[in-house]
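Here is a quick briefing to read alongside the sequence and the 3D view. Have both open and follow the residues as they come up.

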Amino acid sequence: MATPEPLVPTESDALRDPQRVAAARRLLLEVPGPAAFDRLSALAARMLGAGHAKVTLFTDHDVVVGGFGLPPGVVGGPALLTGALSAITVRQGASLKIPDAAADERVSDLPAVTSGQVRAYLGAPLIAASGQVVGALALYEPVPRSWSDDATQLMEQLAVSVVAELELSAAQSAVGTSRARLEVALEASSVGIWERDLRTGAVYWDERCAALFGVDGAKELDSLDQVLLDHIHPEDHVAVQEAMRIAIERRDTYSVEARTVWDDGSVHWVVSRGRVVANSRGEAVRVLGTVVDISDARKQSEQRLSAVHRAAAMAEVAAELANAARMEDLAEVVLRGAQVLGAQSSALAVFDVGGGPLRLHMTSRLIDAVRPHIDYDLPSEGVVIELDDTQPTQYAAAHGRRVLLASPEEALARFPAMAEGIRLLEIRALASLPLRVEGQVLGSFVAVWQKDHRFGADDVELLEALAAQIALSVSRLQADSERAAAVTAMSEANRRLQLLAEAGRVLSGTLDINQQIEQLAELVVPELGDWCWILVTDEQGRLHDVGSAHRDPSRRAELEKYVRSMVAVMSEDAAPRVVLATGQPVFAPRIDWQQVERALPDPSVRESFARLAPGSGTVVPLMARGQTLGALGLFAREERGALTQAEVDTAVEIGRRAGLALHHARLYSQQRDLADALQRSMLTDPPEPDHSHIVVRYVPAAAGAEIGGDWYDAFLQPSGATVLAIGDVVGHDTRAAAAMGQVRGLLRGIGYSSGAAPAEVLTELDRAIEGLALDTMATALVARLEQDEDDVKAGRVRLRWSNAGHPAPAVLSPDGEARLLDGGSTDVLLGVAPQSERREHTTVLEQGSTLLLYTDGLVERRDRDIDSGTAELVEVLRECVGLPLDEMCDQVLKRLFLPDAEDDVAMLAVRLYPQGRPRPPEAGPQDVPPNIEPAPSVVPEAGTGS
């Protein structure tokens, strides 16, 4: 039997949790007495046949709030006997069942247990509505007792009833407190309570409600009609009845403002609000509401109504001004402010930022009045007006002083030049105030009246306040405009820099110029145009189309066809040829179709150009070292507009970068071709001896133009034996290539002149490298195909080889079995230890077998180690069984050599054919040096013995 886990407090003791303590204290404070808890305790004891039960709440200490079979004085104090056990129940938040406490190591040393008063205990946690464990309901016995699962469930259910009693007491206490507070609040605020019973029609008023109707004491009235007849002003009867009808019909709230008529004849204003109450069937049964006297508030409101209306209107205008997003919106907003003072129209005159001209922004009413007298459209950005002291608008803006003209006579006396404006616009009064912010005059505000208007102190104060608010809005809009312009300029600059960065990335990502041009065309559309083309010169200076792009993918084929036709027919007047001749960009903000006719003599090509809907065009040169290597053409639809100067500069810079990339790509291609030619010139064609076929492959690395150090060789010794060699000089540059040429030449000379076996050839080669101070290291593998008369009769060939640190050769048998000829560990590289002994290995190859020698670039790269690569090579060879030797070599390269490989690869493959049959056509004719006697096409004795 497993030992129970000890019931001890943890570091985060639930009994000390402040939230739990607060939840328990809330319920403890509202306990009305022990009666309910005595009853529930007794019920638990009787149902489970226990002699003792109690309910204990735990705040920061335990308190017994009720029980059964307890000694006198226990209720209201701590649980002396079972407090520790109940604390465990609370702490673990789950029922605690102990059949024999003395035998339970977890509690056997508690005083209640050691004294013999508690031997059996069953406790259930009291979990409050908040989820906190606030106490325990417990049974205990002085003798051991087994508690069933049903007993535990029953205790947990009774614990829920105990919590319900506690929560009910707390809720009742809260309701009582809330009612008391409500009464105090209603009394303090003079709010009356009323109720209308919709079943009987009776209306009940409490004392405060009755007092608001001029009646002493609470009152009951027979019906709403009686309330209306006896207490409501006749003019408000309909409003009260309609509000009540709608509220009842919609089961909604009731709200109405009405006048009450007191017995002394005085009239008072009240606001009544209520809510319809429905029964369980959804039927409206009563309306409960409140009433409050608003007579004083209405009186004060009426006294201040005019000022409030004006202030509210001005506040609304101020809010609209603060939220105006454009300068042209301000004039209409300002008009609403002027209308508060009775003005019929208004205008704003604002200086452009940075000391620009004064622009007049008029309201729609003023524009309608002016339009019949002018023969041009008024611009949305305002009409530029000259500074003129003879006009009040310009005078206020220029001098920063307000102008108030109460009548036409006063206006003409001060500003005689206003006579025409007074006649046309029917001006009777005018106010013009400067717009000033922090001492700077931004313009002026003008309000116009069509009747005489005397400007009182309140009017002037409002006009000044309105002008100040307008000035702040103008300043904000100008600042926003400057900031937006700066942000736009910065955003455009960042976009252009990003475009240049992307162009640099594209042009440096590969040395394949065709790929560069295609990616560049995709990049500049639609950033700098809706479609584009890129033309590049060849070595003779002729233009060729190499790239184009259209923002609509479905039109790219159409564009490509047009560009090809354009290049074929364009004259010397065409922009690409002009750019090529001058090295300067050509910018056409609008397409000149007469120029197009001169540039494109063929009508069908011009028609193709027109279908592409060019509105503007820009052609920039592709420049490198003062030479124009091509042109980039960018075209945009008319609605898009021409390129900005900054965008043209960006296009020119892209052209410059593209020209440099094109120049570098051409240099790389030339160097690459030269390097490849030099490399291949040092790798001679192999012989074709006897009944064997030799195929070689050399593939340079993808990156860089350096010559590699990989090489192969095959030659015949004077004895007629075929020598096969492959190697890799350490390094990947011209020095490595030079060393490769020397090492290969030495090996070839030593191997031929000495006629020695592979190990001896490598040994002599190593000594020559040291003696000639070549200062290089290299891997190398030398193999020799050998055959005597017995071998001929048996139809076999012996392969002898020696390996100086080179990858092991692979053999593919005629039946498709591929394997490596590892021969154990390889010898050290050439150039490391010339005096070391070199070993030889031999194996027998049957006719039809294929031998493959290769350098490590075939099987080793960054994403694959040499072991994995070699295993893949073996698998590929198995899949190539039956292929001609050339196809096999091509398939191996295709499967294993990646286009972006960083190392060269050299391969040498030999296939052995049966000598008793003619040499197969795929092997070609036999080709041996003049001093070697060619073998007969068929050796009759071959394959006749074992």
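Accessible areas here come from the Shrake-Rupley method with a 1.4 Å probe, and for residues only the protein chains shown count as cover. On that basis, the chain's accessible surface is about 46,200 Å², and 52% of it belongs to carbon and sulfur atoms. Keep in mind that this is a predicted model: local features need pLDDT of at least 70, side-chain atom pairs count only at pLDDT 80 or more, and totals for chains, interfaces and linings use all residues. Residues are numbered from 1 along each chain as its sequence is written, and side-chain values use heavy atoms, with hydrogens and water left out.

**Confidence and overall build**

- The chain has a mean pLDDT of 83 (pLDDT is the predictor's confidence in each residue, from 0 to 100), and 88% of its residues reach 70 or more.
- Over residues 1-11 the pLDDT is below 50, and beyond near neighbours in sequence this stretch has eleven contacts in the model (contact means heavy atoms within 4.5 Å).
- The secondary structure comes to 26 helices and 32 strands; helices (H or I, at least four residues) and strands (E, at least two) are DSSP runs, numbered from the N terminus.
- Of the 946 residues, 46% are buried, where buried means under 20% relative accessible area, exposed over 50%, and partly exposed in between (1.4 Å probe, protein chains only).
- Among contacts between residues at least 6 apart in sequence, 64% join residues at least 24 apart.

**Buried spots**

- Aspartate 62 sits in strand E2 (residues 62-68) and counts as buried because its relative accessibility is 16%.
- Leaving out residues up to four places away in sequence, the contacts of aspartate 62 are Thr56, Leu57, Gly77, Pro78, Ala79 and Gly83.
- Which residues of helix H7 (residues 224-231) are buried? They are Leu224, Val227, Leu228 and His231. These residues cover an arc of only 110° around the axis, so they are on the same side of H7 (the arc is that of the directions from the helix axis to the C-beta atoms).
- What do the buried residues of H7 pack against? Their partners are strands E6 (192-197), E7 (203-205), E8 (219-221) and E9 (253-261), plus helix H8 (237-250).
- Leucine 523, in helix H16 (residues 513-527), counts as buried because its relative accessibility is 17%. Its C-alpha atom is 8.8 Å from that of alanine 549, 26 residues away along the chain.

- Most residues other than glycine have a negative phi, and most peptide bonds are trans.
- Valine 525 and proline 526 are joined by a cis peptide bond, with omega about 5°, and proline 526 is in helix H16.
- Arginine 625 is not a glycine, yet has a positive phi of about 55°. It lies in the loop between strand E21 (616-624) and strand E22 (627-636) and is exposed at 65% relative accessibility.
- Alanine 773 also isn't a glycine and has a positive phi of about 55°. It is in the loop between H23 and E26 and is exposed, with a relative accessible area of 61%.

**Salt bridges**

- The whole structure has 47 salt bridges, each being a side-chain nitrogen of Lys or Arg within 4 Å of a carboxyl oxygen of Asp or Glu.
- Arginine 637 pairs with aspartate 530, the closest N and O atoms being 3.0 Å apart. The pair links distant parts of the chain, 107 residues apart: arginine 637 is in the loop between E22 and helix H21 (645-681), and aspartate 530 is in the loop between H16 and strand E18 (531-537).
- Buried or exposed, where does aspartate 530 fall? Aspartate 530 is buried at 1% relative accessible area, whereas arginine 637 is partly exposed at 32%.
- Aspartate 788 pairs with arginine 798, with the closest N and O atoms 3.6 Å apart. Aspartate 788 lies in the loop between E26 and helix H24 (789-794) and arginine 798 in strand E27 (residues 796-804), so the pair ties together parts ten residues apart in sequence.
- Salt bridges that share partners join Arg784, Glu786, Asp788, Asp791, Arg796, Arg798, Arg800 and Glu840 into one network.
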